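A student wants to know how the words used for a protein structure are tied to values. Here is the structure to look at.

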Amino acid sequence: MGRVLNFSAGPACLPESVMKAAAEEMPDYRGLGLSVMEMSHRSKAFNEIIQETEEGLRRLAGIPEEYAVLFLQGGASLQFAMAPMNLARNGKADYLITGVWAQKAHEEAARYLDVHVALTGEREGFTRIPNMTGLSFRADADYVHLCLNNTIFGTRYAVLPATGDIPLVADLSSCILSEPLDVPRFGLIYAGAQKNMGIAGLTVVIIRKDLIREDLPSQVPLMLRYQTHCKAASLYNTPPVYAIYILGKIIQWIEGLGGLGVMAKINLQKATLLYDHLDQSRLFKGIAHRDSRSLMNVAFTTGNAALDTDFVQRAQEAGLIGLKGHRLAGGIRASLYNAMPFEGVKELVDLMSAYEKERAG
Ligand SMILES: Cc1ncc(COP(=O)(O)O)c(C=O)c1O
């Protein structure tokens, strides 16, 4: 079997050129006679890899000097805990709940802090980002947390809430590097790498340096302190070496395309193709409200669970995999991360058309 078209929400598809380049270098990295996977994280060669990756990310995403870039493990899920443990000075944080991941982040923070839900989209089944007019935050909140792109329900913020001087902490797991990033708008950004930045095992944290506390309570484990990893330049313990190396290759690939502006255009074209198709279809309907549509995760349904399952099955037989909706949302979901080519989305749309015609008789 040849390669499939992988619409999975993550781990997700990788650019073919990245995989080929990695495969070529795998057994013998640049004549050193070993793989990056076998390399000491303290070696000169790996030091170059991690430094180049950080420099590349800073260049690509416009990360200013006042921000630290950390390469961590534990997934975005560990950041649900690390953010409250590290950022709490007054012991208060405000959360915007627009989906399951935001909910999980809130639940985790509630173990440590006095958390306040400033906004929730639960009543509308998380199918839109609620109107933010009149939204306010507690003046003494240590931070405001949101999830910029909601992977499961396929929604995203069209605009960011105004938080004034309160640092904005954001989960960008399913949209990082998909479009230009205004880093100074955030106090802390975190994202797992396995959707838009490569492979599982790596979490990227971008944090304003003045938010990194040295005076944390003694019971906060060293491994869970941003300060530990910042001081050690992400080499406090063994980092996920191969995932960092792949991130470096992804950055080169995006730069080769022309950077995040070009990446955003391509992503918009892909999402527009699918949403336009959904808007004219008599069988398939988009789940998210138009004003909140995600460009990365497109959730849709026929309105009939058995038919949704049948379509997902048919797609799988045609080599289009990972289209089953999340178990909490049901339906169908196509994740169109950076590495999904436009032609892949075209194939999906063609299959949807053929399926619809067949059913109409
Ligand atoms: C927006 C978002 N946040 C957090 C997570 C959890 O990430 P991890 O599995 O890296 O902990 C996911 C996973 O799909 C996600 O989509």
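The questions and answers below set values against definitions.

Q: How do you know what kind of model this is and how its residues are counted?
A: This is a predicted model, in which local features need pLDDT of at least 70 and side-chain atom pairs count only at pLDDT 80 or more, while totals for chains, interfaces and linings use all residues. Residues are numbered from 1 along each chain as its sequence is written.

Q: Why is helix α2 called oblique to helix α6?
A: The axes of α2 (residues 44-61) and α6 (residues 241-257), which are lines fitted to C-alpha atoms over the stretch in contact, with angles running from 0 to 180 degrees between N-to-C directions, cross at roughly 40 degrees and come within 9 Å. Angles under 35 degrees count as roughly parallel, over 145 as roughly antiparallel, 65 to 115 as roughly perpendicular and the rest as oblique, and therefore α2 is oblique to α6.

Q: What makes residues of α2 and α6 count as meeting?
A: Two residues are in contact if their C-beta atoms, placed from the backbone, lie within 7 Å, and the residues of α2 that meet α6 include Phe46, Ile49 and Leu60. The residues of this contact divide into eleven nonpolar, four polar and two charged.

Q: Which residues lie around the ligand, and how do they divide?
A: A residue is near a molecule if its C-beta atom, placed from the backbone, lies within 6 Å of it, and the residues around the ligand include Trp101, Cys147 and Asp171. The shell divides into four nonpolar, seven polar and one charged, with Gly counted among the polar.

Technical notes. Helices (H or I, at least four residues) and strands (E, at least two) are DSSP runs, numbered from the N terminus.
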